Amino acid sequence: MATNAFDFESKPDISWCPGCGDFAIRRSLLAALQELGIPRGKLVMVSGIGQAAKMPQYVNSSFFNGLHGRALPAATAIKAVAPDLTVVAEGGDGDMYGEGGNHFLHAARRNPDIALFVHENMVYGLTKGQAAPTSRVGMRTPVQVFGVTSEPLNPMALAIAMNVGFVARAFSGDIEGTTRIMKRAILHRGFALVDIFQPCVSFNKQNTLQWFKENTYPLEEGYKADDRAAAFARALEEKPFPLGVLYESAERQPFEELLPAYREDKRPLRERAHDMAALRAAVMAKA
Amino acid sequence: MAELSIVLSGEAGQGIQSIESMLTALAKRARFHVFATKEYMSRVRGGCNSTEIRISRQRVTARVARIDLLIPLTKEAIAHLGDRIEDSTLVIGEKAIVGYDRMIDLPFSAIAAEVGGAVYANTVAVGAICALLKIEAGECERGVRAFFERKGAEVQEANAEAFRRGYARGLALGPGLAAAIEPDPAVAGEIMLTGADAVALGALAGGCDYVCAYPMSPGTTVLTAMAEYSKSFDVIVEQVEDEIGVANMAIGAWYAGARALVTTSGGGFALMSEAVSLAGAIETPFVAHLAQRPGPATGLPTRTEQGDLDLAIYAGHGDFLKIVLAPGDLEEGFSLARAAFELADRFQSPVFILTDQYFVDSYYTTPAFELPLAPPTRQVVETAPGYRRYALGSSDGISPRGIPGLGEGIVCVDSDEHDQGGYITEDRAMREAMVAKRLAKIAAARKAAIPPKLFGDPRYKTLLVGWGSVKAPVLEAMAALARPGLAYLHFPWVHPMPRGVREYLEAATTCVAIEGNATGQFADLVELETGRRFDSRILKCDGYQYTVEELTERISALL
Ligand SMILES: Cc1ncc(C[n+]2csc(CCOP(=O)(O)OP(=O)(O)O)c2C)c(N)n1
Ligand SMILES: [Mg+2]
């Protein structure tokens with residue numbers, strides 16, 4: 001019998017490499033879901049394509065594992081159509097910041113009540129080691145044979161600039177810390193980004209578990225996450241990168257709460273139908 | 001006289017539209033059949049655009065080349081309309097501005113100034129036209145007041161005065177246009193709306209409750225219509241960052257239990273094709289309204305063509321069912337849009353409604369649409385523990401569709417090849433079973449296809465074949481030709497090809513395809529299906545819909 005409601009009775013055939021940080025992130029995720037007591041039938045995991053994006057396959061709940069880069073539009077719609085569901089979107093740094101970069105920006109603008117967990121391994125794992133948008137300058141890969149020259153994307157600074165209401169960085173090496181942050185992200189009303197540093201044991205020989213340990217530090221006790229400018233300054237820090245909730249604000253209202261369809265009626269769309277008399281009137285309004 | 005063709009022409013933003021909407025409203029009120037269509041340049045101001053209005057004793061649903069009455073608002077309008085202006089065309093307007101020798105001078109702005117300002121010029125023009133149409137003045141004036149009802153008493157009064165003055169000047173022009181057109185009392189209960197409105201109302205009747213889109217002419221027309229309806233119906237309307245996001249959002253919405261619609265044009269639809277494939281793979285319904293405009297690429301953004309049929313039927317990689325519907329008139333616009341949602345839900349597959357700029361922008365009087373008593377029911381099941389989304393075993397490939405949050409089961413969908421539960425698999429037997437499941441839906445949909453409809457002589461020798469918006473001009477051309485042995489086979493459902501098409505073609509000695517594109521994309525499909533080659537193809541790719549005269553001539557040249 002699985003001890004976690006979101007785990008399986010029999011062990012799933014997980015396609016991650018032995019030693020991959022994804023396993024630790026899965027442990028954090030299952031713990032967070034269990035500890036929050038989310039009813040199993042009320043969770044939808046949404047993802048794109050990549051090693052990280054396979055996560056929904058290994059969580060015993062409903063899931064929508066769609067196209068590479070396209071998790072966020074689908075997740076936004078699922079939450080908008082059924083606000084009674086808990087929606088978690090998850091994927092890799094290539095998936096969410098590369099192929100899905102435009103959707104990331106606009107999800108930040110819309111602010112749906114979705115928790116987004118991005119596995120930042122600074123590489124494309126599933127496609128065997130090309131540069132990700134987060135790869136550090138100089139990193140050599142079978143494609144970037146002379147080394148990466150583009151500036152790495154800074155998801156923390158970007159999210160804070162976009163006024164995302166929950167912006168955090170976690171590290172797969174700290175399972176409890178990641179669990180705590182994930183729980184807060186899921187509870188946050190609105191779009192919540194947790195970027196999770198994660199070693200890729202097969203394709204990133206540069207940003208190893210040791211490298212992440214040496215190049216991160218936890219935010220100090222008493223750090224105030226409600227100061228956006230201060231948070232932005234922290235977001236610009238590199239080597240070491242701060243770990244923890246950089247920014248948190250309840251100021252913005254979630255996308256679906258602002259939809260006129262829910263102004264008076266809170267039921268999900270699946271429980272509604274159009275009024276045929278109103279429709280008849282709409283047709284006859286053309287007379 | 002049975003009917004009148006009126007053309008208004010001038011710059012964008014000059015007021016053609018206000019004259020048009022007031023005039024068509026008054027004509028409908030006076031129980032004339034009305035048809036209106038516009039052609040316009042891809043610019044917000046300036047250029048030269050035109051609107052054609054037919055006012056008739058009988059139903060009129062197509063454009064004609066003939067102009068009985070022309071109201072030019074600029075000099076350029078005369079050159080723009082070229083040889084459509086004939087000796088018989090009555091040209092009325094401000095000679096000082098238009099400077100056309102043959103025109104009758106009617107200084108709309110000067111008359112408007114007497115009333116209180118240039119803003120009334122359009123109403124003056126409408127007054128003059130109504131006089132020429134011999135519509136009773138008092139009734140028209142009430143119509144003008146109704147038209148400005150929401151603008152307050154002062155505006156109503158000034159416009160009524162402008163109308164009266166225009167009407168008096170129109171009367172003073174003498175007989176002008178021969179006889180009065182007889183009204184048709186049946187028009188009283190009819191509706192008058194654009195193709196875009198018909199599609200939007202059909203979508204609502206189909207239970208559409210989620211609309212997302214990225215603006216692109218002419219697809220935006222339906223987005224705007226649905227946004228307006230979101231004020232009175234529970235419809236979520238969202239403008240998305242790009243068409244890739246649009247399509248993925250719509251599929252997510254369907255997955256969670258909504259009935260979503262996307263609306264776009266060829267370029268936007270091209271961006272959606274990977275998502276179309278996703279809908280095929282995860283067997284989630286998807287409905288797209290694709291309003292065609294001429295391509296390739298940006299093409300002619302505000303003009304019309306039927307050039308995206310191949311794009312639609314070949315959209316998305318891999319083998320899976322797509323259903324393509326193509327309304328030929330307003331009633332079909334409504335009923336096919338409605339059917340699209342039922343079909344998408346039933347076959348858990350993408351359905352495309354193919355219209356075009358001409359179709360969405362044109363409007364006319366038509367009998368009110370018939371509505372069902374009850375709203376459609378979502379074709380979803382309450383899931384039990386152990387539910388498997390892709391359960392195998394049905395002969396039509398359809399497995400009961402659960403949605404998250406309804407029932408105790410979980411609903412797992414994956415764009416990777418999956419097993420019955422939705423989990424990724426590379427098992428060869430499972431792969432083949434899932435392919436077979438998806439293919440079975442193609443066969444099932446073909447059986448459910450709306451058959452083509454035959455018009456004209458059932459013992460035809462010459463069979464015209466077409467789809468979508470060419471229907472109306474073809475039917476009117478056929479009526480004008482009045483030849484025995486001539487029939488038209490219209491396809492409202494174009495893909496997958498309905499069965500029994502070969503029999504229709506084999507009964508003819510001559511088969512002629514008629515389409516609004518450069519190559520005959522549908523004709524190719526029919527030939528592929530039936531093995532029967534078309535003897536001729538009537539094609540058009542100048543960005544305009546056929547006029548009745550043009551088609552009459554091209555068909556008669558083949559008889
Ligand atoms: C449209 C499209 N382009 C490319 C791919 C190939 N592809 C799959 S995953 C991936 C990148 C994976 O990197 P990331 O998102 O960082 O995930 P990781 O494997 O590192 O966890 C790519 C390029 C695809 N599936 N779809
Ligand atoms: Mg990665």
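## The shell around ligand 1

Sorted by class, the shell around ligand 1 holds five nonpolar, eight polar and four charged residues. Here Ala, Val, Leu, Ile, Met, Phe, Trp, Tyr, Cys and Pro go down as nonpolar, Asp, Glu, Lys and Arg as charged, and the others, Gly among them, as polar. This is a predicted model, where local features need pLDDT of at least 70, side-chain atom pairs count only at pLDDT 80 or more, and totals for chains, interfaces and linings use all residues. Side-chain values use heavy atoms, with hydrogens and water left out; residues are numbered from 1 along each chain as its sequence is written, while chains are lettered from A and ligands numbered from 1 in the order in which they are written.

In total, 17 residues surround the ligand, and the closest are Q51(A), D93(A), D95(A), G125(A) and L126(A). A residue is near the ligand if one of its heavy atoms lies within 4 Å of it. Both chains A and B supply residues around ligand 1, so the site is shared between chains. Helix α3 of chain A (residues 93-99) gives the most to this shell, four residues; helices (H or I, at least four residues) are DSSP runs, numbered from the N terminus.

## Polar contacts and burial

Now for the polar contacts (pairs of N or O atoms within 3.5 Å). D93(A) puts a polar side-chain atom 2.7 Å from an oxygen atom of ligand 1. On its own, ligand 1 exposes 580 Å², and the protein buries 79% of that (Shrake-Rupley method, 1.4 Å probe).

## The nonpolar cores

A nonpolar core is a set of buried Ala, Val, Leu, Ile, Met, Phe, Trp, Tyr and Cys residues joined through side-chain atoms within 4.5 Å. The largest one has 194 residues, and Y210(B) and F286(B) touch the most other members. Its largest share, nine residues, comes from helix α14 (residues 330-347) of chain B. A second, separate core of 47 residues includes I16(B) and A36(B).

Beyond four places in sequence, Y210(B) has contacts (heavy atoms within 4.5 Å) in both chains, among them A77(A), A80(A), V81(A), V235(B) and M249(B).

## A look at W211(A)

W211(A) belongs to helix α7 (residues 209-214) of chain A. This tryptophan is buried, at 14% relative accessible area, where buried means under 20% (1.4 Å probe, protein chains only), exposed over 50%, and partly exposed in between. Leaving out residues up to four places away in sequence, W211(A) touches M122(A), Q206(A), K239(A) and F241(A). K239(A) is 28 residues away along the chain, with a C-alpha separation of 9.7 Å.

Methods:
Helix = DSSP H or I, 4+ residues; strand = E, 2+ residues; numbered from the N terminus. Polar contact = N/O pair within 3.5 Å; in protein donor to acceptor, adjacent residues only side chain to side chain.
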